[in-house]
Amino acid sequence: MSAPEAIPEPAPVHGKAASLAVDVRGVSRVFAGRKGASVTALDSVGLTVEPGEFVSLIGPSGCGKSTLLRLIADLDTPTTGEIRVFGKPARQARIDQDYGIAFQQAGLLPWRTVSGNIELPLELHGAGRAARRARAAELIELVGLSEFAGHYPDQLSGGMQQRVAIARSLAESPSLLLMDEPFGALDEMTRERMQNELVRICAETSAAVVFVTHSIPEAVFLSNRVVVLEPRPGRIRDVLRVGLGETGARGETLREDEEFFHVVSQVRELLHGEAPAGARGVEAR
Amino acid sequence: MTTPTTPRPRRGPLPARRFVVGALGLVLLAGLWELYKLLGPADGVVVAGVTVLPRTSDLAMPHLWVMAGRALEPVTGAGNAAPLWQAVVDASLFTLGISAVGWLVGVTVGLALALLMQRFRLAEAAVLPWIILSQTVPLIALAPLVRRWGTQIQFGAFSWESWMSVALIASYLAFFPVSVGALRGLGSPDANHVDLMHCYSAGWWKTLWRLRLPASVGYLLPALRLAAASAVIGSVVAEVSIGLRGGIGRMIVEYAGAAGGDPGKPWAPIFGSVLVGLVAAGFVGLIGLGLRRFRRGEVAA
């Protein structure tokens, strides 16, 4: 985890499908509309995620990035194509609890304390009381909310709720984290703090992450690879490798880095096609 | 730096203050009664042959202290008669017991129907219209039917008794708000929460127990309170139409006949029935107190 700048190129994906965290092959998702009209949310999308790799999906609204995440989570099934998670069909991976998930809304149960919310998945899967307590305490420590273990969600700020949601997604030590704009509802300062924390947490847990966002700097700051999608129909426009160093070694200084700005403008150009001058800075969050 | 928001302020005034305000309302009502009796015309206010405000004679509107005083006197002139208040309390307890049975049965049936409708979309389409329609059947029409069917039920040592008919009718009124309220409550969790339970591959029962039932408490409590009030009203009315003795409903009708010579007497069972309603509502309030945790504000992210 302490490797210097150079990122090892992941080996070609063919022939080692079983060792991939996520393997999406030729996936399309068509939503049937009324009167025979249908919307193609995703059109023959292929994507692989290595174990421990941080991949961001970015694109304008309607490009199917959330749909893709829901398909990987088996909250929805593809119209055509195949999705494998750690070599298993997505459904089996969900049943086996191979991933943890966090949404834009923290989605905490209001009648459970911070600790109770984090324990929920453990409780559902039959972990013992003592084991649950210990694991929750550990995770609360990890997200820096030790003083708030007994608080209820309505006593926490939005950023704290989101931290609890992330702790909950980590409860069963998954090797894959699926995150759907988890910081989308937070203010800019909280957001950057959360990004720093997520980078640290990912380094500590070495989980692979699929991260949906509409913020370019966020995607660049967090990711090993940024996948740029385009809308109508949802397709992958390009995949950008971000060579900004190991996830764990990223810190506040990186945001001032020349290379960081370079990659940000690269992604922006990809997003806007030929990068019209007037559109610069629109998605600068 | 993210900071915790302060806990939400209590809704409404403190309990002690609420009690005082409630008592003040009662005093105001009593004051209005006596004031109208003092100032209103003895023959009432009649507009175009129609009496719009009641007569203020001692027969039509006895003084409050007459009602109170009468309650302390014996029921009848007979030497061994119990005081009126005691008879009223006995009758109230009798009716309260029947209402409680009706409420329990109604809540059970209402919850079961709501669960069925939540589980199967088809059941909702098939059952919900009938549930709503069921409440349009007048109670008076129902009572003799229930009674007649009841008398035909008999097996072993069990035989149907009249109080069971009354309880059944009470439950018929009580189940309705529960089934509708619980159905809304069970369907109230966000798509977000339902997705999360799906991700945890939690089945229907686990989702019900950890998510849907706790989420429905906020909808269920008003429904339970409404059911309690309905059960009391149902019992009182059904006692009259079935002709069951011993309850407050029958007593109201009996004593109303005495109004001519003894104007304070009919008011005692009326207050008794109000008391039954208050006790029933208070009981549901206690349930709400126990479930306080599930009524926390929704998460504002």
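Axes are lines fitted to C-alpha atoms, for helices over the stretch in contact, and angles run from 0 to 180 degrees between N-to-C directions. This is a predicted model, in which local features need pLDDT of at least 70 and side-chain atom pairs count only at pLDDT 80 or more, while totals for chains, interfaces and linings use all residues. Residues are numbered from 1 along each chain as its sequence is written, and chains are lettered from A and ligands numbered from 1 in the order in which they are written.

Helix 3 of chain B contributes residues including B:L84, B:W85 and B:V88 to the contact, and helix 10 of chain B contributes residues including B:A268, B:P269 and B:G272, where two residues are in contact if their C-beta atoms, placed from the backbone, lie within 7 Å. Sorted by class, this contact of helix 3 with helix 10 of chain B has eleven nonpolar, four polar and no charged residues; Ala, Val, Leu, Ile, Met, Phe, Trp, Tyr, Cys and Pro count as nonpolar, Asp, Glu, Lys and Arg as charged, and the others, Gly among them, as polar.

Helix 3 of chain B also meets helix 9 (residues 248-256) of chain B, and the axes of these two helices come within 8 Å and cross at roughly 135 degrees. Helix 3 and helix 9 of chain B are therefore oblique to each other. Here B:A91, B:S92 and B:T95 of helix 3 of chain B touch B:I248, B:G249 and B:M251 of helix 9 of chain B.

Turning to chain A, we find six strands in an open sheet with the order 6-7-8-3-9-10 and mixed pairing, where two strands pair if DSSP finds at least two bridges between them. Strand 6 (99-102) and strand 10 (235-241) of chain A are the edge strands, each pairing on one side only. Inside this order, strand 3 (residues 54-58) and strand 8 (residues 208-213) of chain A run parallel and are joined by five bridges, with A:L57 standing opposite A:V212 of strand 8. Helix 8 (residues 258-271) of chain A packs on the sheet and touches strand 3, strand 9 (225-230) and strand 10 of chain A.

Chain A is divided into domain 1 (39-98 + 176-285) and domain 2 (108-173), with bounds that come from an automatic or database domain assignment. The centres of the two domains of chain A, taken over C-alpha atoms, are separated by 25 Å, and the contact takes eleven residues from each of domain 1 and domain 2 of chain A.

Finally, the chains meet where 28 residues of chain A are in contact with 26 residues of chain B. On the side of chain A that touches chain B, helix 5 of chain A supplies the largest share, four residues, and by class this side has 17 nonpolar, nine polar and two charged residues.

Definitions and conventions. Parallel < 35°, antiparallel > 145°, perpendicular 65-115°, else oblique.
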